Structures are given as structure tokens and as C-alpha cells.
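Hello,

Here is the structure for you to look at. My notes on it follow below.

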Amino acid sequence: MSYYVIAFTHQGSPRWWNRFLHPRALHVFALKWTGKHWVMVHPRIAYLEVQVLEYDQESDLPEIVARMEIDGLCRVNFNHLDTDCIRVPWLFGPWTCVSQIKALIGIRARRVLTPRQLWRHLNRGHYG
């Protein structure tokens, strides 16, 4: 089964908009188990970083969480997401970490703008 682990952390770059965000959800990124390694998809303000981590077992996730000081995880499966429609027919707004993760996993929730809102949306939508 194909899935992403969406990770929420309090370690974000110091930006002026951080004062509007929940202190334990300043940033969001994704991890994917490929069968051989963990791959991290880390959205940045100017680019998207994709990195293969040195962990080579699916059970290494708790160690990754501890090392990266991740505050929350949400597992997103792809067996029920609507992939037949255009995700965002009109793109307005900044290309944030939340926008990039929503594009990665195929979520079309226009009102989800912050990492905390994404956390609530994923947990409410039974994506795991």
C-alpha cells in the first residue's frame, strides 16, 4: 500500500507570519517509505527539498521522529483520495509548505492554509 507520513513540527524558519501559527505546528513536511529507504519531501519557501534518509527499515520511524523533533504525525493512504479531478482549478495565494504538501497528497481543501488546519483536516477526514 502506498502512503505518506505527514509530519508537523515546531521548528520553522523565523518568519513574520509565525505569530499567527500554532507554536507546535509551524511547519509541515512528508516522509515516504519506498520499501528500501525513507524519503523526506521538505517544502521550503524558495524550493522543494527531496532527500533520501539514512534509515533503511520502515520501523525506524520513531527514531526519525525523535531526531527531527516532530510534534505530530498523520498517515495518508492513497486508496480513497479523489485523483480524477483537478486539485485546484484557480491557484491564488502563497506557495507555502501546506500548499506543497496538499499538492503532494492530492487534497483540494481551499480553506486549509496553516499546518494546524491541515492536521485537523487529515485527522477528521480519516485519511490514515
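Of the 128 residues of the protein, 40% count as buried, meaning under 20% relative accessible area with a 1.4 Å probe and protein chains only as cover. The exposed surface comes to about 8200 Å², of which carbon and sulfur atoms supply 55%; the areas come from the Shrake-Rupley method with a 1.4 Å probe.

This is a predicted model, in which local features need pLDDT of at least 70 and side-chain atom pairs count only at pLDDT 80 or more, while totals for chains, interfaces and linings use all residues. Residues are numbered from 1 along each chain as its sequence is written, and side-chain values use heavy atoms, with hydrogens and water left out.

The protein has three helices and five strands, taken as DSSP runs (H or I, at least four residues, for helices; E, at least two, for strands) and numbered from the N terminus. Their order from the N terminus is β-β-β-β-α-β-α-α. Among contacts (heavy atoms within 4.5 Å) between residues at least 6 apart in sequence, 53% join residues at least 24 apart.

One helix pair was examined. The axes of α2 (residues 97-105) and α3 (residues 115-124), which are lines fitted to C-alpha atoms over the stretch in contact, come within 9 Å and cross at roughly 30°. That makes α2 roughly parallel to α3, the term for angles under 35 degrees. From α2, the residues C97, V98, I101, K102 and I105 make the contact, and from α3 P115, L118 and L122.

Regards

Methods. Axes are lines fitted to C-alpha atoms, for helices over the stretch in contact, and angles run from 0 to 180 degrees between N-to-C directions. Angles under 35 degrees count as roughly parallel, over 145 as roughly antiparallel, 65 to 115 as roughly perpendicular and the rest as oblique. Buried means under 20% relative accessible area, exposed over 50%, partly exposed in between (1.4 Å probe, protein chains only).
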